[in-house]
Amino acid sequence: MDISKEFDKFLKELKRDDKSIITNRYHRITRILNKKYYQIDNESDNSLYVGSFGRGTAIDGFSDVDILFKMPAEEKRRFDSYETNGQSSLLQEIKKLLKTTYSKTDISGDGQVVVIDFDDCKFELVPVFENNDGSFLYPDTHDGGSWKKTDPKKEIEAFNELNRKSSGNLKSLCKMLRPWKNKSNVAISGLLLDTLVYNFISNDRNHYAAYTLQKYPNLCYDFFDYLTKLDDTQTFWHAPGSNQQVDNVPGSFYKKAETAKKKTKLAIERLSLATNNDDWREIFGNYFPSYTPCKTYSFCEATTDSVPVRDEEQFIEKLFPVQLLYSMQIQCTVTRDGFRPFLLKDRIPIKKFRSLKFFVTHNVPRPYSLYWKVKNIGRDAIKRNCLRGLIERDHGKEEKIEHSDFQGNHYVEAYIVKNGVCVARAHIDVPIC
């Protein structure tokens, strides 16, 4: 296996295929605001991509596009003259303005942003006023309203500069780690992830600028090793360039990084023996390419008998943008006639001919939609042409009834979709002996 080709495919899979849609909307929104506040018909002046899209670290399926719009200075004086919370009035004014064009789109204005919730992605627009040093003041409606400082230009400049010095490896690593973050439910923001990667690359003890795709497995291992040596009880880090405080939930990443480090070490050790990409897909999920896409499986190594088998597996990343904001777990009750039910425990095989009831616990506020995926693996699943893997909507009971009909290391996944975005996911292994 040429691992450099596999990581090249991985990075290509992460590229956003909706850039033209985003660009068109960005220009249209900018033109609306320029006509209102500058009386000009221009689709690019006074706007700036920020966030992961501005830093160049966003990937396919990422749901938010963050933009700033620079307001005329006199507008700040107007909103400062309001008796109460001129910041809220500013957001509401922009919300009403955009609503005249996007009348059927859900638009809200509160907190610090105007959210334009399109079906396929979400724009978060922040009106700002530029300071003499190039930083910006943005509105915060909380506690009666105030202006707060942000400096995204310096942040973007810092990322671009280090990315150039590292031969593009900074942004490549930021992108590759997003699927790991989502698959492993690592509860850190995209900005914190990018900040930690920036700090790691800037150390450059192993000369990461010289790393080619062939050495990307080692690059990933070194980063996970770096994470395990950080104090993840630390409550915040500072973003590069802007020095913005980026909050951390204590205990959010150490255990997940330690697990990823072990899995990456195993994947590297088995590189010369690997005949598929299962080790890497275990770390990065379904964005990492399948090395063996063949749909024909052999029943027995001693014969050449084979059969076409339908492999219809679906992946949530291909159906909805993924931004994991909530926690969720799957549990399973195992029942056999005449015996008391018991909970399925991690990786402990259950016997055939049992009834299985899967259910979820989570903290996602309503409304939302729950989806299930059941994937069968192994010889028996192949022989019966029953690999499954379709993602199906829950029927309202928030449970899934299955039966342990044949042997194999099967699994079940659940996903919660809210406002067109997958905000929570969970996985449970179902080994049947």
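Ring pairs link W180, F200, Y208, Y211, F223, F224 and Y226 into a cluster. Rings of Phe, Tyr and Trp (its six-membered ring) pair if their centres lie within 6.5 Å. Planes under 30 degrees apart count as stacked, over 60 as edge-to-face and the rest as tilted.

This is a predicted model, in which local features need pLDDT of at least 70, side-chain atom pairs count only at pLDDT 80 or more, and totals for chains, interfaces and linings use all residues. Residues are numbered from 1 along each chain as its sequence is written, and side-chain values use heavy atoms, with hydrogens and water left out.

## Rings and charges

The structure holds 26 aromatic pairs. Two of them are set out here.

| Pair | Type | Centre to centre | Angle between the planes |
|---|---|---|---|
| Y208 and Y211 | edge-to-face | 5.0 Å | 75° |
| F284 and F288 | stacked | 6.1 Å | 15° |

Are Y208 and Y211 buried or exposed? Both are buried. Here buried means under 20% relative accessible area, exposed means over 50%, and partly exposed lies in between (1.4 Å probe, protein chains only). F284 and F288 are both buried too.

Charges also sit over rings. The test is that NZ of Lys or CZ of Arg is within 6 Å of the ring centre and within 35 degrees of the ring normal. K36 lies over the face of Y37, at 6.0 Å from the ring centre. R55 lies over the face of F159, at 5.8 Å from the ring centre.

## Nonpolar cores

A nonpolar core is a set of buried Ala, Val, Leu, Ile, Met, Phe, Trp, Tyr and Cys residues joined through side-chain atoms within 4.5 Å. The largest has 47 residues. Which residues have the most contacts inside it? They are F7, L173 and F223.

Helices (H or I, at least four residues) and strands (E, at least two) are DSSP runs, numbered from the N terminus. Helix 1 (3-14), helix 6, helix 7, helix 8 (190-203), helix 9 (216-228), helix 10 (254-269) and helix 11 (278-284) each supply at least two residues of the core. Helix 8 gives the largest share, eight residues.

F7 touches M176, L213, Y216, P217, C220, W280, F284 and F288, leaving aside residues up to four places away in sequence. Contact means heavy atoms within 4.5 Å.

## Helix 2

Helix 2 (residues 19-37) has 19 residues. From its first C-alpha to its last it reaches 27 Å, close to the 27 Å expected at 1.5 Å a residue. The expected span is 1.5 Å times one less than the number of residues. Its buried residues are I22, R25, Y26, I29, T30, I32, L33, N34 and Y37. Helix 2 is followed by Q39, whose phi is positive, near 55°.

## Strands

Strands of a sheet pair through backbone hydrogen bonds, either parallel or antiparallel. Two strands pair here if DSSP finds at least two bridges between them.

Strand 2 (residues 64-70) is mostly covered, with six of its seven residues buried. Four bridges join strand 2 to strand 1 (residues 47-50), and the two run antiparallel. S47 has F69 in strand 2 as its bridge partner. Seven bridges join strand 2 to strand 5 (residues 122-130), and these two run parallel. The bridge partner of K70 in strand 5 is V128.

An open sheet of four strands has the order 13-12-14-17, with antiparallel pairing. Strand 13 (342-343) and strand 17 (399-403) stand at the edges, each with a single partner strand, so one side of each has no neighbour in the sheet. Strand 14 and strand 17 pair over five bridges in the antiparallel sense. K357 stands opposite I401 in strand 17.

## Backbone exceptions

Most residues other than glycine have a negative phi, and most peptide bonds are trans. Some places here depart from that pattern.

A cis peptide bond joins R366 and P367, with omega about 0°. P367 lies in the loop between strand 14 (355-362) and strand 15 (369-375).

S167 is not a glycine, yet has a positive phi of about 60°. S167 is found in the loop between helix 6 (152-165) and helix 7 (169-183). Why does S167 count as exposed? Its relative accessibility is 52%.

R388 also has a positive phi of about 60° without being a glycine. R388 lies in strand 16 (residues 388-393). With a relative accessible area of 32%, R388 is partly exposed.
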